[in-house]
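Open your viewer and keep the selection tool at hand. This tour goes stop by stop.

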Amino acid sequence: MKNEKFKILRNSIIFDLLGMATSFIPGIGAFLDILWAPYAAKKMQEMYKGNTGKIASWIVFIEEILPMTDFIPTFTLMWIYTYVFAPQKSDKMQPIEVEINE
C-alpha cells in the first residue's frame with residue numbers, strides 16, 4: 001500500500017508538471033491545454049475512485065481549460081487531500097451494540 005501511495009504521488013507530480021509545461025509554449029500552449037484537459041480529467045478519475053475522483057476530474061478539467069491557471073498543482077493537491085487530510089477508514093472499527101432496557 002505504501003509503495004502504491006508514493007507511485008500515485010510520483011504520477012501526480014509528473015501530470016502537474018506536464019500541465020504546467022503547456023503554459024511555457026508560446027502560441028500553441030492554449031491549444032495544447034484543450035487537448036490536455038480531457039486527458040488529465042480521465043487520468044484523475046482513474047487514479048482516484050468514487051465520487052471524490054469524479055469531482056476532482058471536473059476540477060482538473062476546468063483548471064486546465066481556463067487560461068492562467070496552469071500553475072495550480074491539482075493532481076498533487078488531490079494526493080495531499082486523499083492521503084494526508086481525508087479521514088481514513090479503519091478496518092478495526094466495529095459497530096457498537098447498544099442494549100436498551102425498557
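Predicted model: local features only at pLDDT ≥ 70, side-chain atom pairs only at ≥ 80, totals over all residues.

Residues are numbered from 1 along each chain as its sequence is written, and side-chain values use heavy atoms, with hydrogens and water left out.

**Stop 1: the whole chain.** Show the cartoon. The protein chain has four helices and zero strands. Helices (H or I, at least four residues) and strands (E, at least two) are DSSP runs, numbered from the N terminus. Of the 102 residues, 29% count as buried. Buried means under 20% relative accessible area, exposed over 50%, partly exposed in between (1.4 Å probe, protein chains only).

**Stop 2: helices 3 and 4.** Select residues 50-65, which make up helix 3. Axes are lines fitted to C-alpha atoms over the stretch in contact, and angles run from 0 to 180 degrees between N-to-C directions. Helix 3 and helix 4 are therefore roughly antiparallel (angles over 145 degrees; under 35 is roughly parallel, 65 to 115 roughly perpendicular, the rest oblique).

Now show side chains. On helix 3, the contact (heavy atoms within 4.5 Å) is made by T52, G53, A56, I59, V60 and E63. On helix 4, pick T74, F75, M78 and Y81.

**Stop 3: the aromatic rings.** The whole structure holds six aromatic pairs. Rings of Phe, Tyr and Trp (its six-membered ring) pair if their centres lie within 6.5 Å; planes under 30 degrees apart count as stacked, over 60 as edge-to-face and the rest as tilted.

Select F15 and F75. Their pair is tilted, with 5.2 Å between centres and 45° between planes. F15 counts as buried at 13% relative accessibility, and F75 does at 0%.

Next, select W36 and Y39. This pair is tilted too: 5.5 Å centre to centre, 45° between the planes. Both lie in helix 2 (residues 29-47), separated by about one helical turn because they are three residues apart. Is Y39 buried or partly exposed? At 40% relative accessibility, Y39 is partly exposed, whereas W36, at 12%, is buried.

**Last stop.** Select F15, W36, Y39 and F75 together: they form one aromatic cluster.
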